[in-house]
Amino acid sequence: MSHTRMKPVYGRSPACANPNRLEERRNRAKTLRVERARKPDKPEDFVTYDDSDSEEESLAAQRESLCTSYNFVDYVRYRELMCEARIINKHYGSRHILTHEMFKETPISLGNMNKVFCSQWLSDRQVVFGTKCNKLMVYDVCTHSLDQIPSLLGRRDPMGPADQPCGIHSLQINPSRTLLATSARNTCEIAVYRLPTLDPVCVGENAHKDWVFDMCWLDDQFLVSGSRDTRMALWRITDDMISRKLEMPSYSHISAVSSRECKNSQKVRALVFNKTYDEIAALSLNGYIHIWCALTFRQRISRKLPSSQENVCIAVQDTGLYAIGCRSYTLLLDARTLQAVKKISSRYAGCGIRSASFQGNILTIGTGLGMLMFYDLRAAKYLESSINSSRTVVLKASRGFVYPEEDVDGAQNVKYVPAIYTHSYDSSGTRLFTAGGPLPATLTGNYAGLWQ
C-alpha cells in the first residue's frame with residue numbers, strides 16, 4: 001500500500017530493519033519462481049520475464065528493503081514532516097474494497113429517461129452522464145438531486161439527420177479538468193462546456209454528417225471526434241473562448257481544424273488517446289482498429305481484429321496496453337505491434353462487453369448481463385475474493401426501470417437484467433458509478449447505481 005524510506009533516529013539502521021524480513025522476502029520470491037516455472041495446461045501466447053527471476057538479490061537491494069517501511073502509519077508521519085522519500089499506491093483502496101466485497105450498491109432513480117450511454121465524475125460529489133434521449137444530466141451523490149444541463153444548438157437543423165433518437169454517446173474531460181466535451185443538440189456536432197460551472201463555450205459544426213459516437217482529448221486544447229460517417233475531426237478550443245466572460249450566457253460556433261476519412265472503416269465506434277505512444281486508436285464496427293499519429297493527425301495503421309462482432313468499447317492503460325470489448329471476450333493488444341497479448345474469455349456465455357476501463361492493474365469490464373467483472377493483469381486471471389478464494393469478484397446491478405414490462409422477459413422467459421453501458425471511478429477509486437439500460441433496441445428504460 002505504501003513505501004516509506006526510513007531514516008535511523010539512533011544507530012545505523014531504522015527500527016524497521018529486522019533481518020527476518022529478508023528471509024521472508026526470499027521465501028516469497030522462491031514461491032513466486034516456483035509458480036512461474038509451473039507449466040500451465042494451455043501454453044500462453046505471450047510470456048514476459050523480468051529481473052525478479054534471478055536467484056539472489058544484490059546487497060544494495062537488500063539494504064534498500066531493510067530501510068523501507070510498508071506501514072501506513074509511517075507514511076502518514078513522514079507526510080506530516082514533508083519528507084519526499086515516500087510512495088503510496090493510489091489503486092490499493094479500490095483493490096482492497098473489491099477483494100473484501102465491501103462495495104454496496106445504492107440504486108439511483110432516473111424516472112423515465114432512456115439508457116445512459118456515458119458518464120464522468122465532475123468532482124467528489126457530482127457525476128455527469130448522457131442518455132439516449134439526448135439529456136445531459138448532473139447527479140449529486142450527497143443530496144441525490146438531478147439537474148439537466150441545456151444542450152447547445154448549432155446553426156443548422158437542430159435535430160440532425162436522425163431518423164431515430166441517437167443520444168449522447170460520449171463525455172470527455174480534458175487533462176486539466178477545465179473543459180467538458182460532449183454531443184450538441186444535433187448529434188452530428190460537438191459541444192464544449194467550461195468546468196466547474198458548466199457554462200457553454202462553443203459548438204463544433206460542419207465536420208460530420210452522421211452521429212458522433214466518441215471523442216478524446218489530446219491535451220487541454222485539442223479534441224478528436226469520431227462519427228458514423230467514418231470521418232474523424234480535430235478541433236481546437238483556444239484560450240480566448242475559455243476566458244471570455246459575458247453577462248448573458250453565449251457560445252462560439254467553430255469549425256474543425258482538420259477532418260479526415262478513417263480509411264478501411266465502417267462507422268467509427270470508439271476512440272482513445274494513447275499518450276505513451278502519442279497515438280489515437282479508433283475502433284470501427286467492421287472489426288478493425290485504426291492507429292492515427294496524434295502529432296500529424298494522419299492514419300498510420302489499420303489492423304483486422306480476431307473478432308468482428310460487437311466491438312463497441314476500447315480502453316488504454318498507462319503503459320500503452322489496449323483492451324477491446326468484443327461479443328464473448330475482452331482482447332488485450334500490445335500497442336507496439338497490435339498483436340493480441342491475451343483473450344480474456346467471459347465467464348458468462350454471450351454476455352457482450354459494453355464498457356471497459358483500467359484502474360491500475362485491474363481491468364473493469366461492464367457486460368450486457370448487468371454484471372461488472374474485474375480482471376487482474378498481474379495475476380492473469382479474474383480478481384479473486386479474499387473472503388472466499390474459490391469465488392471471483394462480481395458486482396451484480398439492480399433491475400432499474402424498463403418499459404414495456406410485457407416485452408421484457410421475451411418468449412424464452414429469460415430474467416431481465418440491464419446492460420452496463422458505462423462505469424466510472426471517482427478520483428480516490430473507492431466509489432464506482434455504473435449506468436446503462438435495456439440491451440434490446442425495442443425496449444425503453446434505464447439503470448444507474450452508486451457503489452461505495
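Author: Helices (H or I, at least four residues) and strands (E, at least two) are DSSP runs, numbered from the N terminus. The model is predicted, so local features need pLDDT of at least 70 and side-chain atom pairs count only at pLDDT 80 or more, while totals for chains, interfaces and linings use all residues. Residues are numbered from 1 along each chain as its sequence is written, and side-chain values use heavy atoms, with hydrogens and water left out.

Reader: Good. Where is A380 found?

Author: A380 sits in the loop between strand 28 and strand 29 (381-382). Its phi is positive, about 55°, although A380 is not a glycine.

Reader: How many bridges join strand 19 and strand 20?

Author: Six bridges, in the antiparallel sense, link strand 19 (residues 279-284) and strand 20 (residues 288-293). In strand 20, Y288 is the bridge partner of S284.

Reader: Let us change topic. What are the partners of strand 12?

Author: Strand 11 (residues 190-194) pairs with strand 12 in the antiparallel sense over five bridges, and strand 16 (residues 252-255) pairs with strand 12 in the parallel sense over four bridges. C202 of strand 12 is the bridge partner of V192, and S252 in strand 16 is the bridge partner of C202.

Reader: How many residues of strand 12 are buried?

Author: Strand 12 (residues 199-205) is mostly covered, with six of its seven residues buried.

Reader: What about the turn: which residue there takes a positive phi?

Author: In the hairpin of strand 11 and strand 12, with four residues between the strands, L198 has a positive phi near 60°. The loop between these strands also holds P196, and a cis peptide bond with omega of about 5° joins L195 and P196.

Reader: On to helix 3. Which residues of it are buried?

Author: D74, Y75 and Y78 are the buried residues of helix 3 (residues 72-80). They cover an arc of only 100° around the axis, which puts them on the same side of helix 3; the arc is that of the directions from the helix axis to the C-beta atoms. On the other side of helix 3, V73 and E80 are exposed.

Reader: What do the buried residues of helix 3 pack against?

Author: They pack against strand 1 (2-5), strand 2 (68-69) and strand 3 (86-88), where contact means heavy atoms within 4.5 Å. Just after helix 3, M82 takes a positive phi of about 60°.

Reader: How many aromatic pairs does the model have?

Author: There are five aromatic pairs. F117 and Y421 form one that is edge-to-face, at 5.3 Å centre to centre and 85° between the planes. F117 lies in strand 5 (residues 116-121) and Y421 in strand 32, so this pair ties together parts that are 304 residues apart in sequence. Rings of Phe, Tyr and Trp (its six-membered ring) pair if their centres lie within 6.5 Å; planes under 30 degrees apart count as stacked, over 60 as edge-to-face and the rest as tilted.

Reader: Last one: how many disulfides are there?

Author: The count is zero disulfides, a disulfide being a pair of cysteine sulfur atoms within 2.5 Å. The sulfur of C188 is 8.0 Å from the closest cysteine sulfur, in C166, which is too far for a bond.

Conventions:
Buried means under 20% relative accessible area, exposed over 50%, partly exposed in between (1.4 Å probe, protein chains only). Two strands pair if DSSP finds at least two bridges between them.
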